[in-house]
Each structure stands twice: as C-alpha cells, then as structure tokens.
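Dear colleague,

Please read them alongside the coordinates.

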Amino acid sequence: MEFHKLSALEIAEGVKKGSWTASEVLSAHLERIKIFDGQINSVVTLSEESAHRDAKETDKAVAEGKDPGPLAGVPFLVKDNFCTDGIRTTCCSKMLSDWIPDYDATAVKRMKDAGAVLMGKTNMDEFAMGSTTESSIFGPTLNPRDFNRVPGGSSGGSAAAVAAGFCPIALGSDTGGSVRQPSAFCGVQGMKPSYGQISRYGIVAYASSLDQVGPITRNTGDMAAAMDVLAGPDPNDTTCDAYERPSFSQAAAEGIKGKKIAVLTGYDAESMDRPLIEAIEKAAGYCRSAGAEIVEAELPITMKHAVACYYMVALGDASSKLACFDGMRYGHHADGRSLVEMYKRSRNQGFGKEVRKRILIGTCILTRGYYENYYVPATKVRQMIADEYAELFKGVDALICPISPALPYKKGLVEEDPVRIYLGDAFSSIANLAGLPSISLNVGFTEEGLPTNVQLMGPRFGDAGLLGLAHVIENKAGSPPIADIEKKGGCRE
Amino acid sequence: MKRESVIGLEIHLQLKTKTKLFCSCSSDYIGATPNTNVCPVCLAVPGTLPILNDHAVELGVKIGLGLHCSICDNTRFHRKHYFYADLPKAYQITQYEHPIAVGGYVDIFADGKEKRIRIHHLHLEEDAGKLVHPTADGRLTGASYSLVDYNRGGMPLSEIVSEPDMNSAEEAIAYITQIRQLARYLEVSDGEMESGSLRVDVNVSLSNPDGSLGTRVEIKNVNSLRSIERALEYEIARQNKVLDEGGHLVQETRLWDDVAGVTRSMRSKEGERDYRYYVEMDLAPISAGPEYVRKIRESLPEMPWEKLERFTREYSISREESLQLTEQKETADYFEACVSEGAPAAKCANWMRMEVQRILRDLSIGINDFPVPPAELGKLIIKVEKRELSNTQAKDVLAVMVEKKVSLKEAVRLCGISDGRITGPALEEVIRKIFASEQEAVETIKSGNDKKGAKVKFLQGLVMRETRGSADPAEVASLVNCMLN
Amino acid sequence: MIKKMEMDEERLREVLGFSCIGLPEKEYAEVLDRVNAVLRMCDDMQELDSSNVSPFEWDVMKAPARRQDRAVVWEGRDRFLDQAPVRDGDFFHVPRIIARDDVEMEGEE
C-alpha cells in the first residue's frame, strides 16, 4: 500500500474503517521522509517518538470503538514557527535554535484533537522573512518539482513536503503570501483563510494584523477538511472571530452555477511569466463552463499601493514583535558588560542578516515624523484597499488573479535580483492587508514540469464559498500529482 | 516678582482585579516568591497573545464615571516601545491616542475653599516588572548587576491625568486624597502609596508674567503624600530661584531624593526618546457601548461627596463631623449601621469620632478590624440614652467589648453591672446600706435639723455613687425620702 | 502635501539604538536604500484623498467576549526558569544597567 499517495480523507476513512492503522500510515510517511528528504531538506525536526505515541492512541480509540476524529491517523507537518509542546521550535533561526515550548499552538492542538498525527517541523525562511526558504539556519529547501529552483517561502518546507508526498496536510503561516506562494511554486494547493478564521495563538508572530494560519494540501477536499478542523474561536486569541463557522467541506461540494466571478485586469501582464497568464484564462474558462458568469474587474487603489502599504504594516509590526527576543528569558543569549550590550550582542548574534535589516527598516518607519507622514497614511490606505474589495464583492462572488508574477525562481535570485522578489508580493499580500480568504490553486504544469496556478479571492469570511470555487476548478484541472522526487534531480536538468 | 505655580498630576492606580490585565496570572503578588505570578503571556513567550481582563475594563469605566468623564466606545490600545529589563515584550501595552475615559473633573477642598480640578483623561495600561538592585541602599546607582522579578509585570493600572489646575502643594495633596477616596469608595483600587497601588508623577511649572505656562518639570520617585508636598515646595522654590537669578529652566524629568530633600535631574535625554507608539493589533478595540456604561453607572455606589452632603443634611451633624465619618466608606457604613439600631445620630457621630477613633488609633487598626459590630455599639449608645449606663460605664463596657471581643451583654456583666438599672428592692437595699453607714446624717434629718435639705442631697449622692449611675436619680430621691419617713 | 522625507545616517544611528541592533557601517547604505525605497513607494499614496478615511480597522462578525477575572496558576514556571539563559535563583539576572549606553556595536555574526 502506497500510503503517501492517499489523500488525508482517504487515510482517515481507512483508519476509521480499520482498513489500516494510523501507526502503519505514520511509519510509511516517516520512512519516505527519511529516504527522500535528504534531497530537498523540507523537514527540520522529526518527532518520531511522540508521533508513534499519538498514532497508537488513535488506533486504540478505533479499537475501542471511540470516534478517533475526522482526521484520524492523518500524518501532518507544521512550519517551524508553530509552537509545539516538547518539540524544538526554532523559526529556523539561531535565536531560537534550542527553544522547546511547553504548549501547542491552537492550530496544532486542533489538528491533534481531530486525530491527526504530528510528525515534525518544516523548514522556512528565518522568522518567516523571505519568499525562497533560503535564509534558514538549516540550509535551503529545494523545490521538489525542480531541484534547481526554490520552493518559494516562507513556508517552503511545508509546501515542498506536501508536494513530495511526505504528508497530505502541512500547516504554514501566511503574512503576505507565505503559504500561497510556496504552494504555487511547489505545485500544491495552499490557502490563507480570512483573518480571524483560525487562531494565531502559538504562532511566532511576524505581523499581528497580517499573520494567518493556512493549510497546504494536494487537493481541495483535504483543504476543506482541514479548515473544518482548524477554524474556530479561541479564548487565547481575541482577534479570532467568535462567529459560528459553516461546514467548509459541505460548501466545497456546492457548485458555482449562476455565480459571478471577476477576473482582475489593469495590471502589467506583460511583465509576468506567460504560463501564469494562460493559467488565469484556463481557470476562467473552467468557471464559465461550470455555469458561472465571468466579468472583468479593476482595483486601481489596490494595484497601485498594496505593496508599499504591505511593507509599512508588515515591517513596522515585525520590528515590534521581534523586540521580545532580548536574550534574557529564552533564546540565544550573549553576555555583555551592560544590559544594552547584552541585548545588542544577543540580538546581533541570534538574528540573521535579513531579519536584522527588516527590524531596522521597520523601526525607521515607526520613528517620529515617518510614523505620522508615512505609517499612519499607509494604515488609511489599507482601509481604502479593504473598502475597494468590499465594494467589488458586493457585485461579484470571487476574484481570480495571479498569486505570483513568476514561475519558481532559480536558486540564489535573492542575491542577484532582490527587487524582483519583493515585487513578487504584489498579488499575494493584498489578501493579508484586507483580511480576505485566498487560495493558491494549481491548474496544471508547464511543458518543463513547472507548476502553474491562480489566486482565488473571496469576500471576508467567504472562505467556504471560495473553497467551492476552488473545488470546481480543481475538478476540471485535476489535482496535482506527487512530485517525482524518486528520480534524483527532479524534472529536466 | 511672584510667579504662580502650576501643577498637574498623573496618578497611577493599580486596579483591584483578581488577575493581571492581559493574562490569568494572580494579581496577589505582594510578598510572593519572585517570578511565581507569571505565565507565558506576561513573560512574552513567543506565540502568546494578550487577552483583555473584562473586570479591569469595568473598574476603569467605574472610576472614569466617578470622575465625571465621558466613556469612549471602541477605544484602542497602543504599544509603547523601549528596551528595559522589566519589560519582557520590549513594549508596554497602553492606551495612547484613544483613552477609555476623557474630560472629567473632581472637586477638592483646599486652602479653605472648594475648587474644581479638571481631568484630562483616564487610560488603562499594564505595569512593568520589578528590578532588585543588590546595593546597600537598593538603588540602581553603583549596582554591578540587577535581578528581575516579573510578578508585577502586566498588573492593571489606570492612569488619571489631570489638567494643570492646581496651584499649591496643598491643592495637589487634596486632589490625590480625593482620588484615593473615590478609588476606595468604588472599590477600584486600594490606593496605597506605601505598597505602590497608588503612584504619582508630578508636573510643575511657574507661570510667566504674561500668564503663559513656563517650562514644565516632571518629578518622579515621590512615594508618599509628605514627599510630594516636600518635593513640590522644593521644586517651586528651586524654579523661582533659577528664574530670579536670570537663569533658564529646562524641560526635564527630575528625581526626588527623600533623604536629601532635593530633586535631581535625571540627565537623560528624555526628549529624544522615541517610543514609536502605534496600534496594538493583537487586541480588538475595547467595546464599552452606552448599554454597558449605563449598567455600570447604575451599579455605582453613593459617591463620597454625595455621602458627605447627605450626612450633613440627614443626620443634622456638622460638615466637619460628616467629613470625618465619610472619609472612609467603611466608617460611614459603620456609622449608618449604628444609627439604624435606633441610636441618635449625633450621639453615634460623637462616639465614632471620639471613642471609636481613639481605640482604632491605640490599636493601630482600621474600622474593618474593629471587633465591635455596629449594632452592638448602637445598643450601647441607646443604653446610655436610656440612662441604663452612665457615660463612664459605657466607655468601660466598650473597652471590655474590644479587649475581650465579647457581646454587649457579656461586657456589661463583666463590668459588674447588672443587666439594666438598679431599681426597686435592689435600690432599697443599697439605700439601707448607706443609711447604716451614715447614721449621723440620718438622725439629723429625722430630728428635723436638715433645714436646707443638704443632708438628704448628700445621701442621694452617695446612693448614686454606689450604684455607679445605674439608678434613676428621681427614684433614688423618692425612695430616700420615703425611707426616711 | 508633505515633503518627501529621506531617512539618513543620523536617524539610522538612533534607530540602531532603539532596536538594539548593531550594523557594520558599510551596510548602512543598503539599509537606508531599502528604507527609502519603501518611503518612495509610499509617496504615491499622497495622491489619494484619505482625509475622510479612518486608519484600518477589522470588520468583525462576532466579537469574542472579554476574559473573566479568574486566576490560573501556570504549571510550567520551574521548567521555564530552568531553560532561561539568565536565571539566578528565582530571579532573572541582568548585567549593569546604565542610564545611557553608548556601546557601539559592529555587526557581529
């Protein structure tokens, strides 16, 4: 039985029916990780002992006739910025290289409570600051579709692991595209739900008002199932909304007949990689044939100001949220002759270059004068962007647009052409600014085997409907296969 | 040239909640082992988020209403950034641009007149941890290292910022006293400067000859009413002297040195500090809508100034007496419980102010620890009214009640006073005894030689003394006369 | 319309102090370039009329209730202190605190 080829729902069903055990499924996945992860470096910590224990518990529940939960025996991985009880949580930084939390992030806990089995932690850009997963202290992750390319980031390890068949579901965090862009690059499905849909408790923060947990899967059925488990109020996060969630799985099964779907226009399509433009046309066509009406939409304020706005908000907040790393209570410590010297040496040694620079930029933005003249206006423009979307979604049910303007980058582009990489956030960061649900959906591969994809966005808290749309497109385009990592070197090289 | 001193105060009140402002750690930190009232939230453990304490908001609104402020709905918290060992997140969560209560006032009585002090605003914020410096005097200067205790970190504070409406140390003290009284009445804070649940920063400047405000100096480290008074007097004199000598004042923060009795410049470039305030997005806006505020307003107890006014009116006692009785809510409650037993208010007031106060002072206890229940004191006062006890006896009885923690009845017995008055046969017995020992006087009267009745009065007086006032003088007179005939 | 502001070295030095981060002087230019690039992107925002717009605020479906005032004891205290880099008995230990620290730090790796 090739367990790694099963979807999460198939695994859970088999476990519940007794066709196989959670332990068997776990062992198969652990084995696959051990054999093949050396090629792509997507997993930074395996917690085999606790995983076996959790799997046995699920099996015991099944044997005793108890409900083992909707994700019974589904092995999963989480990005290394999710706090995990008893498992090292490093944010792939020297700063936290030996830090072991004593609690599970709410998202992790909800997965475990649903019967899923946590196997370990995945690679990421240091403190989620990057979009290539190259700045990790554990070394870069490679794209399982093409080892010469990056997997995207910052949740590159999670996306690569799902693509490689190491687990059917992995969790990432998305501040400006960190779940969806790597999902696009690795050819899997990634979702950033509405802000406030999933608790942020236990996620080492990048930016409080942008961060959101998101599932990465190989198909939308698993994604909806994960959403059913993950979404919900949490007394430990009062920015997580208290409304009663619908069944995402049920909604995902509904069609889109009669729905009105907008395709974004008015951006510089010429500068984009051609297959990604074609992907949008393809997706729109699928929608049309499923009975939806396709219209065009322009978002002038958003398209012009989103990136600037995003950088102001994200970096400003990062400078604040990363200030708690002072070498005193946890994390990397360096001695100093004075308190300030201790702070500076601990932070300088603990944080990597890019993190330090982003902290500095963020601090600059919030200082006197710049705050009043730049930061505050940016927060107003953020509201205008949210308003522009709210207005759009009065008339349409969803929006289709690019997630990344480019196919997966070659390795090392960060050093060569950093600007190109920043602009890569242009489409993905909008959903974070406006708090909207967004899905990066694979719609096939180029001739070279590189994944192509679209971004689907919906109105705030319209996550369920958006999953329905994704499901329709996926039915036509097919869900992406597991990357062929057995063939060393990946596709064509 | 006489310049007017202009004083504004920032009062930090530690709110009387069971838990901290943003986490479920116990607020009962005084005397606790260091770093035991802590949790991942107040230690700024990665991944944790602040969760606002509902009760802290309620207490903030309460005191805001007590200060006649408008309560604002959907106000925000901000982050105030600076690195320091007592601040785990390297930012303090505080209300900056949008405080929960704005624009109130409080009336004070100082320098012999009533004055209204305007409140600029009241906001909520978290406290910092505590540093212990291993130096002889416990101060930072000279310490080669410091120890950090986060037990206090995250405690809820409400900061009350006045307008610069005070012009003398006496007014400042009256203002603080009034706020403290209000906080205690509303059970919002203990308001104790000694334990740090009430802390004051003083802003003082001298007005220019044209009436405009002069350079403002902030004084910190004033830890008692007395040191505030001294610090203000010193600082006002210092500023006058600098200006008199043609010098210039700098806007700065100065520390009060209680031992030396001087303020000293902190010499830090305070003006250059940039706290980078911005909205705390880990917390939702604080909802405090009209309905919420109405409920709290309806739950408010009688304010101290209302009580003062009512006592004076209802009990026909002087303003001075009312002031003393209403200074503490507990004292006022005790007084009213006494009165409700049926004891005359004026007498109760007198007993409370004289006897009870004296005992409390002697024992160094508060009214809450006074062992005599108000109903018992009320009954005692009634006994005096009914002449069942003399004043002297009643004081003895009260002393026994306090000392032995016994009931009125038991105390009366222990004092050797039978229950109630000495009357009838018991009184006749006493009189016979007196007659027996004063036969000469009796003979004088019986022989008709007591023309002016002096001997009869003498015998009556002896009876009264023997009964320690427990006999009715009229009955004594009639019985003595009757038994002589 | 405000004039375009440019972050300069002097302000960057202050910022290094505020954020307790050291940076080798040869890297000042890069950070300044990046800050100023973000600021230049933001200059365009001035063409928008945001005078009637409030700073961003969330749309909420149902606001969560505030926390009830009930104390909970944290069981992880001792383990946390055991892991802490600067534990000293029940305390955390920090070196000499001086009011103004002009320690200049080069970028350490």
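Two residues are taken to be in contact when they have heavy atoms within 4.5 Å of each other. On that basis, and bearing in mind that this is a predicted model, 50 residues of chain B are in contact with 26 residues of chain C. The two chains bury about 3200 Å² between them, and 60% of that area lies on carbon and sulfur atoms.

As for specific pairings across this interface, the rule finds 2 salt bridges between chain B and chain C, including one in which Arg66(C) pairs with Asp54(B), with 3.0 Å between the closest N and O atoms. There are also 21 residue pairs in polar contact across the interface of chain B and chain C, both residues being at pLDDT 80 or more. On the side of chain B that touches chain C, α1 (54-66), β7 (130-132) and β8 (145-149) of chain B each supply at least two residues, and the largest share, 5 residues, comes from β8(B). The residues of that side divide into 28 nonpolar, 13 polar and 9 charged.

Turning to helix α3 of chain B, this element runs over residues 225-244 and reaches 28 Å from its first C-alpha to its last, close to the 28 Å expected for its 20 residues. Its buried residues include Ile228(B), Leu232(B) and Ile236(B), but also Glu235(B) and Arg238(B), and what covers the buried residues of α3(B) includes α2 (169-185) and β10 (198-206) of chain B. Just after α3(B), Gly246(B) adopts a positive phi of about 80°.

With best regards

Terms used
Residues numbered from 1 in each chain as written. Chains lettered and ligands numbered in written order. Predicted model: local features only at pLDDT ≥ 70, side-chain atom pairs only at ≥ 80, totals over all residues. Heavy atoms only, no water. Helix = DSSP H or I, 4+ residues; strand = E, 2+ residues; numbered from the N terminus. Expected span 1.5 Å × (residues − 1). Buried < 20%, exposed > 50% of the residue type's maximum accessible area, 1.4 Å probe, protein only. Buried area = accessible area lost by both parts, 1.4 Å probe. Salt bridge = Lys/Arg side-chain N within 4 Å of Asp/Glu carboxyl O. Polar contact = N/O pair within 3.5 Å; in protein donor to acceptor, adjacent residues only side chain to side chain. Nonpolar A, V, L, I, M, F, W, Y, C, P; charged D, E, K, R; others polar.
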